[in-house]
Amino acid sequence: MLVHRLLRAGVTVVAAGLLTLLLLEALPGDPLDRLSEPGISAEQAERTRVALGLDRAPAARWAAIARSYLAGELGYSWTRRRSVARAVGEALPHSLALGAAALTLAYGLGLSVAWGGLLVGPRLRRRLLAVLLPLALAPGFWLGLLAVALFHGVLGWLPASHAAPPGAAGALPHLRHLLLPTLALALPAAAMVARYQLAAAAVVLDAPGATVARALGLGRLRIAWRHGLRPTLATTVVLVGLDLPLLVSGALVVETVFSWPGVGRLAAGAVLTSDYPLALALVLLGAVTVVLGNLAADLLAAGLDPRRRLPG
Amino acid sequence: MLLAAVLGCGGGPTPPAVGDGSSSGPRRGGELIIALRADVDSWNPYTAGSSTALNVLELLYPRLVRERWSPGTGIRVEPALAERWSFSDDRRELRFELREARWSDGRPVSCADVAFTWRAQHSPALGWPGLYIKDGIESFECADERTAVFRFAHPSAYQVLDANDDAQLPRVYGAVPFEQWMATAWEQRLVSAGPFRLERVVPGQEAILVRDPEWRDGTRPYIDRLIFRVYAGADEALRALLAGDVDLVEKVPPGRAAEVARREDLALLDLPGLSWTFIAWNQLAPGAYAADRRRRGCGAGCREDAQTVRALLADHPHPILGDPRVRRALTLAIDREDLVEGPWRGHARVAVSPLVSFLGVSGQSRPLPWDPVRAAALLEAAGWRRPVEGGVREKDGRRLELEILVNADNTLRREVLERVATALAGVGVAVRPVALPRREYIARARAKDFDGLLGGWRAGTRIEPQSILHCAAAAGRGNNLGAWCDDRADALADRAAAAADLEHALPLWRQWEERFVQQQPYTMLYEERVLIGIHRRVHDASPSPLNPYAEIEKWWVDSSEPTGVAATSPPR
């Protein structure tokens with residue numbers, strides 16, 4: 001069964017790659033327009049076209065890309081003027097750091113709030129759900145700007161943008177730079193997780209079974225964990241799996257607000273400038289992460305909830 | 001480069017120097033933080049593509065001479081790597097005497113480096129796009145180690161500039177075959193001979209340049225470190241300036257210039273600019289050019305000349321815009337002062353022709369005034385009449401409707417186009433503004449598939465409108481987007497370009513300008529001013545429209561007024 005899933009995953013990734021190439025190919029205009037001087041002569045344009053492989057038919061170009069991928073080469077980024085592997089390698093650690101911090105905070109905080117919400121009565125729980133709603137719907141960039149205004153503009157505690165430079169000594173500078181974009185990314189997600197978890201668990205807790213459990217003398221904490229949180233945890237694990245691509249795909253809006261040098265900005269730039277090799281590599285990277293995230297989530301959910309186990 | 005496209009991008013004079021430095025003389029030391037809107041895409045000027053990169057690279061790679069702008073005198077050429085230069089009697093030979101200088105690897109700069117640069121410029125494998133600048137130069141040779149000699153086919157107005165373009169490279173770069181230059185990480189092997197050296201690059205974040213103690217007399221530059229910090233957009237960069245995180249931001253959006261001007265610790269420099277915005281009116285029926293190329297089976301490299309375009313113009317003229325009276329009426333109907341005062345908040349000026357005022361060559365021509373009454377009369381004379389009061393004009397059953405393209409990523413231009421549409425509606429012209437993604441916008445511009453196209457160009461320091469408005473530039477990859485082919489204008493441009501010196505060229509260019517104003521192939525909207533926000537702790541700063549870091553070796557900073565808390569650089 002797992003082999004079957006992996007095979008399907010492989011097909012999905014290849015299909016994503018082909019679709020990306022098709023869409024980039026379908027864009028109107030000549031990629032050379034974005035890569036060269038407007039005054040470039042026809043001869044020079046032709047030389048550049050040949051150098052970039054744009055003189056070949058799409059099928060031949062795609063075959064060349066496939067061959068280079070099989071040989072472990074991701075190609076050359078026309079706009080970044082470096083190998084794709086190097087361009088991605090420079091941005092990926094920043095996205096990984098931001099994504100990991102944001103996911104940890106979002107789920108840590110979200111589950112904690114949900115856990116706390118289960119310990120209070122239904123009325124207070126409903127109020128909590130109502131309070132969480134606007135936070136869950138707040139755009140990350142807006143929260144980011146507020147955080148910058150407060151922590152950078154008013155208090156002067158934290159830097160407003162960029163990652164710490166590689167030479168920065170110790171973990172503190174890195175953490176200081178990471179904090180505001182992490183908050184901007186994680187707070188709405190934490191509110192969403194808390195609402196989702198709390199609402200799902202509340203259904204169970206408000207059911208007659210929980211009343212029976214209370215009548216049997218089980219403590220509030222135990223009921224909340226056993227009957228409220230634990231059965232709905234599998235759903236949260238699926239959510240984590242779906243959010244995993246954030247680690248490598250970056251978060252364009254928050255990266256832009258904080259001038260964070262991550263994969264999101266890199267990918268947007270690659271698509272806007274028709275940098276086929278870079279765009280393709282980033283889409284494939286995202287596709288692989290989505291597929292693996294889903295697979296991991298399914299496996300974990302099945303481990304937590306036997307009803308989710310696949311037959312066979 | 002002569003005319004750089006700002007097709008897809010997105011105004012009274014103010015003394016440009018910041019700080020008077022009168023309280024005390026220039027001080028050594030400190031650092032200057034400059035906001036960039038993009039990474040330097042390559043650390044070799046012959047493989048770099050963006051103007052951002054080229055501005056920074058000017059600080060690392062020397063040129064033979066330097067073009068310097070000042071408010072009083074305009075542009076003048078000053079010695080740089082070359083201490084002096086001289087012409088032969090027949091003005092066909094130009095000799096540059098190089099000063100004593102060293103590359104950052106310790107090797108002396110010599111004529112062999114100039115010869116290597118010449119080879120790089122002509123390398124087919126490199127395909128330097130600026131090679132056409134060298135068309136008039138027959139040969140190059142080193143007379144001795146310190147004397148570079150350029151031989152020209154005939155004298156012309158821009159010989160010194162033609163020889164000077166572009167930056168000089170160290171001959172050690174020859175260790176990398178030209179075929180591999182595009183893929184080379186030059187920051188890892190950079191050899192410079194400018195006032196600064198490259199210390200390090202953090203992609204997506206910052207690049208740090210440090211003072212080169214070996215440069216020229218050893219006293220300048222005064223500033224120890226330049227930190228170029230990359231911001232994701234104009235708003236992010238401006239926010240950093242307002243927060244005190246950076247010292248200098250170029251291209252302050254006009255709508256936010258007042259925020260900078262209000263601040264006591266900041267100065268807003270308002271400089272004349274080389275960029276101008278226009279609406280190009282298509283002389284060909286939209287789509288006719290692309291259809292003809294398809295019919296002839298033209299691929300990307302199809303050969304064409306002016307005759308191809310002239311034949312097309314004869315067979316498929318634009319049914320509305322082929323008439324110069326209509327084009328003139330369109331210009332008269334647009335209140336361009338409103339565009340300057342509205343979206344541009346006064347940081348622009350109404351333009352006359354592509355001979356931008358910065359070049360200081362405009363003759364008697366003045367911008368056509370805003371005169372809707374005259375515009376209406378011209379349209380009537382051209383046969384476009386209003387069937388009902390306040391309606392869209394018609395002629396032979398055809399409505400006077402125009403589709404004008406604009407690039408969607410430029411909000412300022414979109415606002416301008418909305419105002420243009422409103423103004424033209426007042427004289428019975430229906431405008432359909434179409435905002436397109438940049439790539440599609442450029443594709444349709446190149447295919448001449450539009451009625452009007454709102455765009456921008458940035459002029460160089462040479463006068464050469466023929467690169468965008470000569471019939472020869474209407475074919476192939478040329479930049480005569482609207483295919484304006486006017487024999488009289490072309491003849492004037494050809495004579496002016498061939499003139500032996502500027503004195504003889506200028507009267508011809510002025511005649512060309514008169515013809516342009518009369519024919520209105522473009523509605524010239526406005527010349528954009530360059531807005532630079534700079535911290536007042538920076539003294540003797542004199543950014544120029546040519547380069548925001550012009551003469552940065554003379555700038556100095558007052559270190560007692562540090563920038564904000566967000567410095568990302570590690571302690572030194």
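**Reading contacts, rings and a cavity**

Guide: Leaving aside neighbours within four places in sequence, B:Ala112 is in contact (heavy atoms within 4.5 Å) with B:Cys142 and B:Arg171. This is a predicted model, in which local features need pLDDT of at least 70 and side-chain atom pairs count only at pLDDT 80 or more, while totals for chains, interfaces and linings use all residues. Residues are numbered from 1 along each chain as its sequence is written, chains are lettered from A and ligands numbered from 1 in the order in which they are written, and side-chain values use heavy atoms, with hydrogens and water left out.

Visitor: In which helix is B:Ala112 found?

Guide: Helices (H or I, at least four residues) and strands (E, at least two) are DSSP runs, numbered from the N terminus. B:Ala112 is found in helix H2 of chain B, residues 111–122.

Visitor: Is B:Asp162 buried or exposed?

Guide: Buried means under 20% relative accessible area, exposed over 50%, and partly exposed in between, with a 1.4 Å probe and protein chains only. B:Asp162, in helix H3 of chain B, has a relative accessible area of 13% and is therefore buried. B:Ala112, at 33%, is partly exposed. Not counting residues up to four places away in sequence, B:Asp162 touches B:Ile133, B:Lys134, B:Ile137, B:Phe152, B:Ser156 and B:Arg462.

Visitor: How many aromatic pairs does the structure hold over all chains?

Guide: Rings of Phe, Tyr and Trp (its six-membered ring) pair if their centres lie within 6.5 Å; planes under 30 degrees apart count as stacked, over 60 as edge-to-face and the rest as tilted. Over all chains the structure holds 25 aromatic pairs. One of them joins B:Tyr61 and B:Tyr173, edge-to-face, at 6.3 Å centre to centre and 70° between the planes.

Visitor: Which parts does the pair of B:Tyr61 and B:Tyr173 tie together?

Guide: B:Tyr61 lies in the loop between helix H1 (51–57) and strand S3 (65–70) of chain B, and B:Tyr173 in the loop between helix H3 (159–164) and strand S9 (196–202) of chain B, so the pair ties together parts that are 112 residues apart in sequence. B:Tyr61 is buried at 2% relative accessible area, and B:Tyr173 counts as buried at 2%.
Another edge-to-face pair is B:Phe228 with B:Tyr549, 5.3 Å centre to centre and 70° between the planes. This pair links distant parts of the chain, 321 residues apart: B:Phe228 is in strand S11, and B:Tyr549 in the loop between strand S23 (538–539) and strand S24 (556–557) of chain B. B:Phe228 is buried at 0% relative accessibility.

Visitor: What lines the second largest cavity?

Guide: On a 1 Å grid over the protein atoms alone, a cavity is a set of points where a 1.4 Å probe fits but cannot get out; lining residues have an atom within 4 Å of a point. The lining here includes A:Arg82, B:Trp43 and B:Phe228. Strands S10 (206–211) and S11 (225–230) of chain B each supply at least two residues of this lining.

Visitor: How many residues of each class are in that lining?

Guide: Ala, Val, Leu, Ile, Met, Phe, Trp, Tyr, Cys and Pro count as nonpolar, Asp, Glu, Lys and Arg as charged, and the others, Gly among them, as polar. The lining of the second largest cavity has eight nonpolar, no polar and three charged residues.

Key. On a 1 Å grid over the protein atoms alone, a cavity is a set of points where a 1.4 Å probe fits but cannot get out, and a pocket is an open set with protein on both sides within 12 Å along at least five of seven lines; lining residues have an atom within 4 Å of a point.
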